[in-house]
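Try each task before reading its solution.

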Amino acid sequence: MAHHNIIIPTKDKLFNLGEFSLRRPGNLVTAVILAVGLIITVIRFTQGIGSVTNLSDVQPWGMWIGFDLLCGVCLAAGGYFTTVGCYVMGMKHFHSAVRPAVTTAFLGYAFVVIALLYDLGHPLRLPYMFFFPGTTSVLFEVGLCVATYLTVLFVEFSIAPMEWLAGKFPFLLNWRKLVIRCTIILTIFGVTLSTLHQSSLGALYLIAPGKVHPLWYSPFMPMFFFVSSMAAGASMVIFEGMFAHKGVHHYMDATHLREADEIVFSFSKAASFILFAYFMIKFTDMLVQANLPYLVSGYGLWWLVEMLFFILMPALLYAKGSRERNLKLCRFAAANTVLGIVLNRFNVSMIAFNYALPSAERYFPSIWEICISVFVVTMVVTAYRFIVYHMPVLYEHPDFKDAH
Amino acid sequence: MNRRKFLSILGSAGVVSALSTAREAKAGGTHSFPYYEGSYGVLHDTTRCIGCRQCEAACNQVNNLPKPQKSFDDLSVCATRRRTSAREWTVVNKYVVHGKPVFRKLQCFHCNDPACAAACFAKCFQKQPDGSVAYDGTQCVGCRYCMIACPFYMPGFQYDDAFDPLVMKCTFCAPRMKEGKLPGCIEACPMDALTFGKRSDLIKVARSRMRKSPGKYVDYIYGEWDAGGTAWITLAPASGTATAASANPAHDLHPLDLDTHLGNRPIGELTYGALGAVPMIVAFWPVLFGGAYAISKRRDAIHEAEKEAVAREVKNDISYVVNTAANKVAETHGPAAADTVRQAASDALKVCERPLRS
Amino acid sequence: MRNGTTLLLLAAVAMLSAACLTTREALAAPAQEVVDYNVSPTRIIFPVGEKPNSAGVGMRPTVFNHLVHEKKIDNCLSCHHTGETKACTTCHTMEGKAEGNFITLTKAMHTPVVAKRPKGEPTPQSCVSCHQQQLAQRECAGCHSIVSVAHATRKTSYCAPCHNMTPSITKAQMQQGSAGVLPDKDKVALAAETMSAQKSVSHLTPEDGPYKVYIGEIADKFESNLFAHRRHVESIMEKLKDNKLAQAFHTQPETLCATCHHNAPLSATPPKCGSCHKSTIDPNQPERTSLKAAYHLQCMSCHRAMQVARPIDTSCVTCHKPRAPQRTD
């Protein structure tokens with residue numbers, strides 16, 4: 001295949017950092033955000049959480065949990081979704097999507113953990129949960145699964161850096177072979193762990209029945225979170241692909257480009273089904289829990305907005321898009337879904353949380369909290385760019401043709 | 001070691017472990033109540049409370065909490081709706097119920113089976129035999145999930161401390177109780193609006209007060225069963241006509257911010273269903289996805305075999321056609337011409353085979 | 001008049017009687033006629049039952065002074081709720097009858113709260129419910145917010161003031177009374193004997209108690225409190241001087257003392273508060289308040305119920321002189 005226009009690092013020239021020093025608006029914005037983020041980081045870790053956040057005793061979890069953790073984990077679901085589709089279900093034409101998906105999943109989880117350190121009062125004590133395991137805690141399960149899954153993702157992802165560095169450090173070849181041999185085990189392990197912690201993120205809020213609005217609170221919240229994470233995974237692959245095609249198109253090889261559209265349509269079809277299912281279980285749950293009277297309140301309206309415009313609408317758009325093979329429509333539906341999932345997580349964790357409290361005691365994130373969240377996203381993007389510039393993620397390395 | 005010996009050892013080990021778990025289950029308590037016989041509690045009789053804030057002052061003093069901006073003599077602060085925080089482990093709020101002021105002291109309720117303890121992933125919270133819910137800050141990670149979990153909005157967090165921020169809440173003055181003293185607030189209360197005693201006795205005291213003064217109290221001991229029961233229980237005054245109040249206690253309790261919708265099971269139990277599914281998923285998912293993998297592999301294999309069979313057939317057909325044609329040519333034009341035909345046919349096949357293969 | 005409740009009560013009574021006069025003239029007319037007694041102002045309420053009372057036993061009958069009660073009540077319908085001037089036992093017997101909606105005599109007389117009847121029908125009173133309502137008066141409310149005379153907490157001494165039939169009643173008379181066939185002349189004689197046997201109690205006087213009491217056992221932040229014992233007793237007795245209900249039910253010389261000096265046998269020299277109430281709560285006896293709280297609860301409940309404006313609950317210095325901060329030499 002034609003690789004002539006992709007810059008592949010070689011044994012002698014391992015690094016390809018030129019892209020970052022180009023005078024482009026993207027790089028400039030990145031630099032500014034990273035600088036601001038670093039300053040806030042210093043303030044956060046020297047002056048305390050209270051100095052940069054609007055968190056209070058009634059709202060102990062705000063933007064950093066609602067967005068960075070809940071959305072971060074959910075939107076990184078593309079990793080397990082793609083690997084299961086490709087390796088377990090045998091959809092070989094997804095193959096070129098696996099590496100980008102695993103890469104973003106790994107980055108997503110890694111930065112979820114980093115973002116979590118901002119929110120913890122004692123970030124250095126994070127490992128205490130293994131020393132004093134509170135086994136009755138949902139958070140313990142989340143922590144254990146995320147830690148394990150992050151390791152699994154790291155192993156899965158490690159093929160790419162190994163291929164990059166193999167020229168310089170040939171011993172990595174053996175490791176690479178081992179990892180490839182374990183692919184299917186890692187995939188199944190990954191999907192098990194993902195099921196557990198994706199659903200457990202919903203289960204976190206099961207303990208607060210009086211605080212989450214009845215329209216969002218349900219004993220089936222774990223299921224909602226898991227099902228929606230599948231839709232989010234599929235949508236994120238499409239959504240990321242959209243940006244990748246804009247930003248790093250020149251690092252994609254012909255196979256990737258050839259398969260890209262087909263992947264979008266397949267994922268759209270899958271996401272459409274999942275979103276319909278998600279809509280149905282949420283709707284049924286509302287009826288079963290006799291929450292119909294709540295629909296005529298302000299929160300009820302808001303719930304309907306979420307249900308109709310951020311679940312049902314993307315489901316229909318996906319169905320139409322994949323049927324008519326309309327790439328633009330599918331991408332729009334993907335963005336719509338991603339927004340919807342973020343909205344749902346915001347609703348559960350912030351907007352419909354503490355709904356009964358007077359508005360004066362309610363929470364709105366401070367500008368600095370938002371800055372840190374933007375900072376984390378920017379770090380993910382930057383790390384992604386670094387990886388794409390150096391490692392065979394969007395292209396096949398000429399030395400490792402057997403990989404696919 | 002022979003096989004039989006091995007099996008018998010294995011069997012006895014299984015029986016022993018089964019027995020030991022059974023005993024553990026009995027001692028550790030199936031979730032029924034009370035968890036600790038003879039544990040202490042406090043009965044807060046809001047009809048007695050006069051809102052003097054002596055309990056707040058005492059709490060502040062015995063726990064060495066930072067001095068507040070407004071002195072404890074300033075009783076006007078009761079009128080604003082306050083909650084407990086890292087600096088104030090107890091607050092007295094004034095509620096106006098049907099035109100009459102009612103004061104209620106807020107502090108950790110010291111649940112029988114606390115939601116914070118169920119939520120903590122580093123085991124910082126423990127229900128103690130003396131009735132208190134103890135918090136150990138030395139292993140606190142600062143995740144604040146306990147604050148999400150607490151149905152009473154009690155724990156506070158030291159958001160302003162950069163290096164050792166901890167969750168803060170009423171300790172039931174457990175250190176003082178160990179010395180044989182009463183909790184600070186109880187000692188300070190001039191009205192015995194806080195009555196200290198064994199929780200089981202306090203329930204009886206509460207009932208007898210209701211019996212002795214009919215119509216004075218709401219017929220509901222808040223905390224007797226709420227959220228699985230709490231060590232601190234509250235009596236609220238009945239408002240208005242006795243008949244209307246007794247119909248629905250929530251009617252009189254909600255104006256005091258006492259949530260009667262928490263149910264009578266420990267809040268933590270709400271998550272046990274989800275947690276219980278974990279081993280099931282761990283056990284079942286690999287089988288499910290392993291099976292799916294096997295099916296897809298088998299499908300691929302069948303597909304591959306079919307493809308090969310078709311290819312073989314096509315090859316046979318082609319060679320039959322070529323041979324028949326060559327034989328015919330040999331008959332008419334002689335063997336040399338037949339060879340040329342064979343050669344041309346195989347060349348042509350080679351050209352078209354390549355795209356077939358890839 | 002600063003007593004709003006009384007004003008309200010008066011207004012309600014006035015309106016009720018007005019309503020009675022205008023709409024229920026038919027009922028009001030015979031009710032007024034009853035004032036003409038040809039027998040005696042008293043009635044005897046027997047435990048009338050369907051079953052033959054061959055042994056002649058049962059709850060002691062009550063001598064009911066109809067005249068005294070009638071004067072206090074503006075509307076006969078309060079008791080004669082059917083509108084007919086029949087005896088209670090006509091419909092309410094010990095076992096209950098269909099005419100009385102199967103409400104037994106015991107319940108009809110003693111139920112502390114009578115369920116409100118639907119609009120248009122008068123809600124009847126039982127003896128207890130009506131007496132209970134009288135306790136809301138300011139002069140009663142002080143003590144009776146602390147000492148409840150509710151039916152549920154009654155002791156045997158609680159029954160005696162009403163179930164006061166003379167012991168000389170014969171079994172035969174009791175039998176006849178239970179069957180509702182005791183001749184009027186016997187009734188008159190029994191009632192007269194009972195009434196004459198009743199002696200008015202001579203209550204302890206304010207002078208029998210101390211003039212002032214020092215309360216200083218737990219003085220810590222404040223100086224000892226000087227409690228004007230005599231003034232308090234005087235004021236209460238003055239208020240109850242003309243109260244017939246109080247006279248009838250405060251049957252012991254020390255009854256008035258028992259609100260504060262509770263739980264101990266009645267005596268002119270009750271034990272000190274501190275002999276039961278300790279300075280802190282004993283966790284093994286949580287129902288027993290601490291000494292400080294015991295004082296505060298008594299004082300404040302009474303003052304609150306009697307609508308004594310002073311002192312404000314949270315104003316310590318009204319009653320206690322602050323003690324000068326202790327010097328550390």
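The exercises below go from the chain contacts to single residues.

A word on conventions: this is a predicted model, in which local features need pLDDT of at least 70 and side-chain atom pairs count only at pLDDT 80 or more, while totals for chains, interfaces and linings use all residues. Residues are numbered from 1 along each chain as its sequence is written, and chains are lettered from A and ligands numbered from 1 in the order in which they are written.

**Exercise 1. The chain pairs**

Task: Work out which pair of chains shares the most contacts.

Solution: 
- Start with the criterion: two residues are in contact if their C-beta atoms, placed from the backbone, lie within 7 Å.
- Next, count the pairs: 2 pairs of chains are in contact, and chains A and B share the most contacts.
- Then look at chains A and C: no contact joins them, and their closest C-alpha atoms lie 30 Å apart.
- Finally, take chains B and C: 26 residues of chain B and 19 residues of chain C take part in the contact.

**Exercise 2. The side of chain A that touches chain B**

Task: Describe the side of chain A that touches chain B by its helices and its residue classes.

Solution: 
- The contact involves 46 residues of chain A and 51 residues of chain B.
- Helices that each supply at least two residues of this side of chain A are H2 (25-47), H4 (78-88), H6 (128-131), H7 (138-157) and H10 (183-203). Here helices (H or I, at least four residues) and strands (E, at least two) are DSSP runs, numbered from the N terminus.
- H10(A) provides the largest share, 8 residues.
- By class, this side of chain A has 28 nonpolar, 15 polar and 3 charged residues. Ala, Val, Leu, Ile, Met, Phe, Trp, Tyr, Cys and Pro count as nonpolar, Asp, Glu, Lys and Arg as charged, and the others, Gly among them, as polar.

**Exercise 3. The fold of chain A**

Task: Find how the radius of gyration of chain A relates to the globule rule.

Solution: 
- Begin with secondary structure: chain A has 15 helices and 0 strands.
- The radius of gyration of chain A is 21 Å, close to the 22 Å that the globule rule gives for 404 residues, so chain A is as compact as a globular protein of that length. The radius is taken over C-alpha atoms, and the rule is 2.2 Å times the number of residues to the power 0.38.
- Along the principal axes, the C-alpha atoms of chain A fill a box of roughly 65 × 55 × 45 Å.
- For burial, 49% of the 404 residues of chain A count as buried. A residue is buried if 20 or more other C-beta atoms lie within 10 Å of its own, exposed if 12 or fewer, and partly exposed in between, with C-beta atoms placed from the backbone.
- Among contacts in chain A with a separation of 6 or more, 81% join residues 24 or more positions apart.

**Exercise 4. Chain B and its confidence**

Task: Locate where confidence in chain B is lowest and where it is highest.

Solution: 
- Chain B has 11 helices and 9 strands.
- Its mean pLDDT (the predictor's confidence in each residue, from 0 to 100) is 86, and 86% of the residues of chain B reach 70 or more.
- The lowest confidence in chain B is in helix H1 (residues 3-28), at a mean of 49, and the highest is in strand S9 (residues 232-235), at 96.
- Over residues 16-34 of chain B, pLDDT stays under 50, and the model has 10 contacts beyond four places in sequence for them.
- Where pLDDT is low, the predicted coordinates should not be read in detail.

**Exercise 5. Annotated cysteines and histidines in chain C**

Task: Determine whether Cys127(C) is buried, exposed or partly exposed.

Solution: 
- The unreviewed UniProt entry gives a "binding site" annotation to Cys127(C), Cys130(C), His131(C), Cys140(C), Cys143(C) and His144(C). Such annotations may be inferred rather than shown by experiment; feature names are shortened and positions follow the numbering used here.
- Cys127(C) is in helix H6 of chain C, and His131(C) lies in helix H6 of chain C.
- Cys127(C) is partly exposed because 18 other C-beta atoms lie within 10 Å.
- His131(C) is partly exposed, with 17 other C-beta atoms within 10 Å.
- Leaving out residues up to four places away in sequence, Cys127(C) touches Met109(C) and His110(C).
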